[in-house]
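Here are a few notes to read with the structure open beside you. Take them one point at a time.

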Amino acid sequence: MKSRESLVRLKEFQVNEKRRQLQQLQMMMSEFERMTKDLESQIVVEEKKSGISDPNHFAYPTFAKAARQRADNLQVSIKELKMQEETLEMALEEMQAEYARATALEERDGGARARA
């Protein structure tokens with residue numbers, strides 16, 4: 001019966017680990033979104049300062065151009081992280097189901113031992 005207890009503990013650890021990974025991923029996405037907003041506000045300030053808001057204009061500020069590229073790169077990273085988040089959420093659901101099955105088996109075995 002020790003193996004069932006070990007299985008339950010293992011499944012619980014795996015569920016907790018997936019939750020932790022998911023939380024880290026969500027924190028990273030929110031940080032990237034915050035950074036993107038900061039960059040966008042800096043771009044607006046730079047465009048107002050120069051009076052040029054067309055990125056294709058020859059005198060468009062270099063800082064604004066670089067900030068725009070960085071913001072675009074962050075948006076791509078956020079999209080990739082969202083795909084990873086979906087995959088991780090599915091894996092978490094599977095782990096939770098496995099944990100529930102292992103717990104049910106442990107409880108069933110515990111009830112059988114108590115009757116014996």
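1. Start with the core. Among the 18 residues of the largest nonpolar core, Phe 32, Leu 39, Ile 43, Tyr 60 and Leu 81 touch the most other members. Such a core is a set of buried Ala, Val, Leu, Ile, Met, Phe, Trp, Tyr and Cys residues joined through side-chain atoms within 4.5 Å. Buried means under 20% relative accessible area, exposed over 50%, and partly exposed in between (1.4 Å probe, protein chains only).

2. Helices α1 (2-50) and α2 (62-115) each give at least two residues to this core, and α2 supplies the largest share, nine residues. Helices here are DSSP runs (H or I, at least four residues; strands are E, at least two), numbered from the N terminus.

3. A word on the model: it is predicted, so local features need pLDDT of at least 70 and side-chain atom pairs count only at pLDDT 80 or more, while totals for chains, interfaces and linings use all residues. Residues are numbered from 1 along each chain as its sequence is written, and side-chain values use heavy atoms, with hydrogens and water left out.

4. Now look at Leu 39. Beyond its neighbours within four places in sequence, Leu 39 is in contact (heavy atoms within 4.5 Å) with Ala 67, Arg 70, Ala 71 and Leu 74.

5. Setting aside neighbours within four places in sequence, Leu 25 is in contact with Leu 81, Gln 84, Glu 85 and Leu 88.
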